[in-house]
Protein chains: 2
Amino acid sequence: MNKLILVTNDDSLHAKGIRELVATAIQFGDVLVVAPNKPQSGMGHAITITKPLRLEPYSGFQEIEAYSCSGTPVDCVKLGIFEVLKRKPDLLLSGINHGENSSTNVLYSGTMSAAIEGAMEGIPSIGFSLADFDSDADFSATKEVAKAIIPKVLKNGLPKNTSLNVNVPKVTFKDLKGIKVCAQAHAYWEDKFDSRLDQFGRPYYWLTGKFSDRDQRVDTDLYHLKRGYATIVPTHFDLTNYTVLNDLKYLDNEGEF
Amino acid sequence: MNKLILVTNDDSLHAKGIRELVATAIQFGDVLVVAPNKPQSGMGHAITITKPLRLEPYSGFQEIEAYSCSGTPVDCVKLGIFEVLKRKPDLLLSGINHGENSSTNVLYSGTMSAAIEGAMEGIPSIGFSLADFDSDADFSATKEVAKAIIPKVLKNGLPKNTSLNVNVPKVTFKDLKGIKVCAQAHAYWEDKFDSRLDQFGRPYYWLTGKFSDRDQRVDTDLYHLKRGYATIVPTHFDLTNYTVLNDLKYLDNEGEF
């Protein structure tokens, strides 16, 4: 029996990246697409609970069954599994994102939140991102990386609770050095707001800023991406910082307030 | 000099929980409030990047400086630090959330995403949540827990990259057993969608489901909450699953595609 692959993204059904991912995925199984009807970048692990969700058939992928969803990437995963399929797929693929989701960007990323949601449901899940925001970006290197990883994950599965965060540098396939499994860098955004006045003289703000990599380790995604490698970070959803659990036990209290 | 405390939440400026948190926070320093102008539950770590943000003075906290923000909890933290204060506060408090944010709920939680964002900015940050969705919930036990924790965190700081996820069971203060520092339980939602037809006969969906705790460990937040303890999970933003890094090194590729 063919493998069943659920594909989603955060740049919407209309992005080039999801078309490229679907073109790759159909080489490995039967594909179902459930993706947002509008861009959902920066939505993180958001779910829609204060308004109803819409889900409509979408014919833009020709013979491939596809649905357009009014919600977030995580909503798409939940609707795909529990409403459309009524069972778990063999693999969940998210992307290919127009833009990098390395380092702490994983927290803001709708692409990776969809993959993390897949792992929460026990499905081997992979998010793919290319370090190029161009709407007509060249996804050929990313597709080769996907073709190298997907069959291995279909064959071996993934460790419990763990999805893969795959990032690919903006290089041609012939300049891609290879693939490195590594850790998420501890970089962050030095935020700034671009403050403007609207036509009524009232202020509004655009979030901007620059990315700052202060992580000195040599086995992080940012380190390898700069050297021309694609990176794979095994990503889980246990946010407990176990290394400090004992240090913080001094906050324990047996009812003596 | 007084300590400077930034307060936000995800239930909006109009929720009882943030009023109770502000009432507690002013006992420990000068308070600035930047919070959403409408409920933002389930927004996770979402940020607003496809439309401009609005930020307006809000007079609902009497003499306390407060701003109403059109964006998500994480937007509130960023605007509070980089636009309103133009410096880092000594402490960030988020909540008190109307509803529990234990276990994997931390990923969907706007309350905790605000605290995690604070930790990303290097600010000691605590999210408080009460296991009661009632808009008029009794926050007295949570306030006592906050009063026990806040001065210790102001004095000792928190480990690097780490915020605290504090959850309080729905009990009176006299029935609260104490406080336990522990790990995030590996529970999850068994999702279901409530499918209905609108006035035009078109389907729409409400996300529903039941929470399923399959974690057998005895030092998790869900375990202690059930026993009547408040819980503190040290929560970081490195999602790398280090325990499986070596097992996955078989996916490394030195350019032999």
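In the predicted model described here, 70 residues of chain A are in contact with 70 residues of chain B, two residues being in contact if their C-beta atoms, placed from the backbone, lie within 7 Å. Helices H2 (73-85), H3 (110-120) and H4 (140-156) of chain A, together with strands S8 (178-181), S9 (188-197), S10 (203-212) and S11 (229-236) of chain A, are the elements that give two or more residues to the side of chain A that touches chain B; helices (H or I, at least four residues) and strands (E, at least two) are DSSP runs, numbered from the N terminus. S11(A) provides the largest share of this side, namely five residues. By residue class, the side of chain A that touches chain B comprises 37 nonpolar, 19 polar and 14 charged residues, where Ala, Val, Leu, Ile, Met, Phe, Trp, Tyr, Cys and Pro count as nonpolar, Asp, Glu, Lys and Arg as charged, and the others, Gly among them, as polar.

The model is predicted, and local features need pLDDT of at least 70, side-chain atom pairs count only at pLDDT 80 or more, and totals for chains, interfaces and linings use all residues. Residues are numbered from 1 along each chain as its sequence is written, while chains are lettered from A and ligands numbered from 1 in the order in which they are written.

In chain A, an open sheet with mixed pairing is built from nine strands in the order S3-S4-S2-S1-S5-S6-S7-S11-S8, two strands being paired if DSSP finds at least two bridges between them. Strand S3 (55-57) and S8 of chain A are the edge strands, each of which pairs on one side only, and the twist from one strand to the next averages 20 degrees. Within this chain, S1 (residues 4-8) and S5 (residues 91-98) pair in the parallel sense over four bridges, and A:Thr8 has A:Ser94 in S5(A) as its bridge partner. Helix H1 (residues 16-25) of chain A lies across S1, S2 (30-36), S5 and S6 (125-130) of chain A, and runs at about 145 degrees to S5(A); axes are lines fitted to C-alpha atoms, for helices over the stretch in contact, and angles run from 0 to 180 degrees between N-to-C directions.

S9(A) and S10(A) run antiparallel and are joined by 10 bridges, with A:Phe211 in S10(A) as the bridge partner of A:Trp189. These two strands form a hairpin with five residues between them, and A:Gly201 in the turn has a positive phi of about 80 degrees.
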